[in-house]
Amino acid sequence: MISVSGLTKSYGELLAVNNISFTVRDGEITGLLGPNGAGKTTTIRMLTCYLKPSSGTISIHDNLVDKNPLEVKRITGYLPENAPLYGDMLVYDFLKYIAKIREIDDINRIKEISETCGLYEVMYKSINELSKGYKQRVGLAHAMIHNPEILILDEPTSGLDPNQIIEIRNLIKEIGRKKTVILSTHILSEVEATCDRVIIINKGNIVADGRTSDLKSEAGREARILIKVGGVDFSVLSNELDGLQGVKSVIQNSDHEDLTAATVISSTQKDLRPDIFKLIADKGWVLYEMSKESRTLENVFRDLTQGGGDE
């Protein structure tokens with residue numbers, strides 16, 4: 001298990017990570033999600049012993065990062081956003097070199113990791129000749145060659161094309177069946193497609209932590225109802241809707257020809273659509289459209305992180 005308690009990192013007056021705490025259970029794929037500059041990479045670098053925290057503790061399988069960094073590095077694999085590869089080396093020679101550094105004598109391990117990461121067809125090509133997707137696979141093989149229990153990935157699909165992104169995501173999910181995985185990303189679809197759980201970071205603070213389905217369900221308590229009405233302007237419509245019990249606010253949307261479009265926000269569990277329909281009918285207006293907005297991780301992310309942050 002990974003346990004983080006009161007983790008803080010500051011650079012002078014800049015507070016990059018602010019007193020965050022979380023745990024990651026064995027066998028879990030956890031996403032660190034946040035806008036660019038939220039503190040994700042700083043957190044990842046502290047987890048992997050590349051940065052020393054200003055305060056707080058990190059324990060990985062009962063090893064404190066500041067006390068046992070070599071043991072932490074032995075049981076973890078780390079793929080930074082820009083994988084450190086030697087471009088003039090053949091893929092096979094590079095992996096053989098990394099295996100030697102890791103004191104791995106079993107020559108079969110190179111074959112195993114090449115098959116796991118889908119590198120078998122490019123083993124005797126120069127790394128500089130490879131596509132970005134294949135380079136990322138080589139980086140994964142580098143991070144995994146010593147068969148670590150924990151894999152930590154920083155923006156693993158950055159710069160890849162759509163097909164390569166799908167390939168890397170599928171590979172991460174396959175790896176996640178046997179290992180604990182932490183990945184940082186600012187891409188919402190990445191978390192939904194890959195992760196069991198998401199920790200949302202904004203301005204160095206954890207603003208949400210849980211399964212994606214649970215976060216969407218929690219946010220769903222504030223229902224949003226989209227309506228398009230004819231025969232009334234927004235100010236009149238808004239005043240009347242504000243009088244309904246359970247309506248929190250009414251937001252004007254872009255005009256649609258001669259229709260008035262609005263979003264009705266409710267914080268009640270009660271479905272307000274029947275009351276809205278009755279109000280519009282009683283006033284003699286024409287209801288052209290009414291729908292309940294589905295809460296997505298994108299909605300949750302936007303609500304929690306508006307304003308950005310500094311890495």
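The model is predicted, so local features need pLDDT of at least 70 and side-chain atom pairs count only at pLDDT 80 or more, while totals for chains, interfaces and linings use all residues. Residues are numbered from 1 along each chain as its sequence is written, and side-chain values use heavy atoms, with hydrogens and water left out.

I start with helix H1, residues 40-47. Helices here are DSSP runs of H or I with at least four residues, strands are runs of E with at least two, and both are numbered from the N terminus. Seven of the eight residues in H1 are buried. Buried means under 20% relative accessible area, exposed means over 50%, and partly exposed is in between, using a 1.4 Å probe and protein chains only. Among the buried ones are Lys40, Ile44, Met46 and Leu47. Just after H1, Cys49 has a positive phi of about 75°.

Next, the rings. How many aromatic pairs does a search of the whole structure find? The search finds four. Rings of Phe, Tyr and Trp (its six-membered ring) pair if their centres lie within 6.5 Å; planes under 30 degrees apart are stacked, over 60 edge-to-face, and the rest tilted. Tyr86 and Phe94 are edge-to-face, because their centres are 6.1 Å apart and their planes are at 65°. Tyr86 is partly exposed at 44% relative accessibility, whereas Phe94 is buried at 1%. Tyr92 and Tyr124 are stacked, because their centres are 5.5 Å apart and their planes are at 25°. Tyr92 lies in helix H3 (residues 91-101) and Tyr124 in the loop between helix H4 (108-116) and helix H5 (132-144), so this pair ties together parts 32 residues apart in sequence. Tyr124 counts as exposed, at 62% relative accessibility. Tyr86, Phe94 and Tyr97 form one aromatic cluster.

Two charges also sit over rings. The rule is that NZ of Lys or CZ of Arg is within 6 Å of the ring centre and within 35 degrees of the ring normal. Lys73 has its charged end over the ring of Tyr50, 5.9 Å from the centre. For Arg137 over Tyr134, the distance is 6.0 Å.

Last, strand E11, residues 223-230, where six of eight residues are buried. Two strands pair if DSSP finds at least two bridges between them. E11 pairs with strand E13 (residues 260-266) in the antiparallel sense over seven bridges, with Ile225 opposite Val264. E11 also pairs with strand E14 (residues 286-292), again antiparallel, over six bridges. There, Gly230 stands opposite Val286.
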